[in-house]
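Here are a few friendly notes to read alongside the model. Please keep the picture open as you go through the points.

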Amino acid sequence: MEELLELKNLLIGGNIPEALLLVEEMTEMSKDDKLNKITSFGIILLLHLIKQQAEKRTTRSWEVSIRNAVRHIQRTNKRRKASGYYLTQTELQETLEEAYQSALDQAALEAFEGRYEAEDIATMIDSPTIINQSIALILDNPV
């Protein structure tokens, strides 16, 4: 809110260059917020896909978590007024790749009742397949 008031004052004062810089800064802040949300839901999505592949089974709870995470990522990534998306497919993939280790660490706590370390779980799964599956779920099921 503080930034909006500052922007208003800059515009009223006729300081267009400073106002434009502030708009760019606010745009970056908004994108960072979107990226953080997508990363958080990406961890949840990856976590359950990792558990499915490692344990070679699924549960209704995991399926619901996967669907919810996909919906939240799609909704967060979609630009409302200006059509399009905040993250491109490449940026989305990079974001999921960055979130992967956190999801793997969490999966080690949950899969097989926590009996394995993240490194052990990693040997049971194929990370590129999981990342690609995540991307496919996000892109094939638009909100």
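1. Helix 4 covers residues 89-110, which makes 22 residues, and it reaches 29 Å from its first C-alpha to its last. That is close to the 32 Å expected at 1.5 Å a residue (the expected span is 1.5 Å times one less than the number of residues). Helices here are DSSP runs of H or I with at least four residues, numbered from the N terminus.

2. Before going on, note that this is a predicted model: local features need pLDDT of at least 70, side-chain atom pairs count only at pLDDT 80 or more, and totals for chains, interfaces and linings use all residues. Residues are numbered from 1 along each chain as its sequence is written, and side-chain values use heavy atoms, leaving out hydrogens and water.

3. Where does helix 4 bend? Look at tyrosine 100, where the bend is about 35° (the angle between axes fitted to the seven residues ending there and the seven starting there).

4. Tyr100 is also among the buried residues of helix 4, which include Leu92, Leu96 and Ala103. Buried means under 20% relative accessible area, and exposed means over 50%, with partly exposed in between (1.4 Å probe, protein chains only). The cover over these buried residues includes helix 2, helix 3, helix 5 and helix 6.

5. Just after helix 4, phenylalanine 112 has a positive phi of about 50°. Phenylalanine 112 lies in the loop between helix 4 and helix 5 and is buried, at 18% relative accessible area.

6. Lysine 56, in the loop between helix 2 and helix 3, also has a positive phi, near 55°. Lysine 56 is exposed, because its relative accessibility is 68%.

Conventions
Helix = DSSP H or I, 4+ residues; strand = E, 2+ residues; numbered from the N terminus. Contact = heavy atoms within 4.5 Å.
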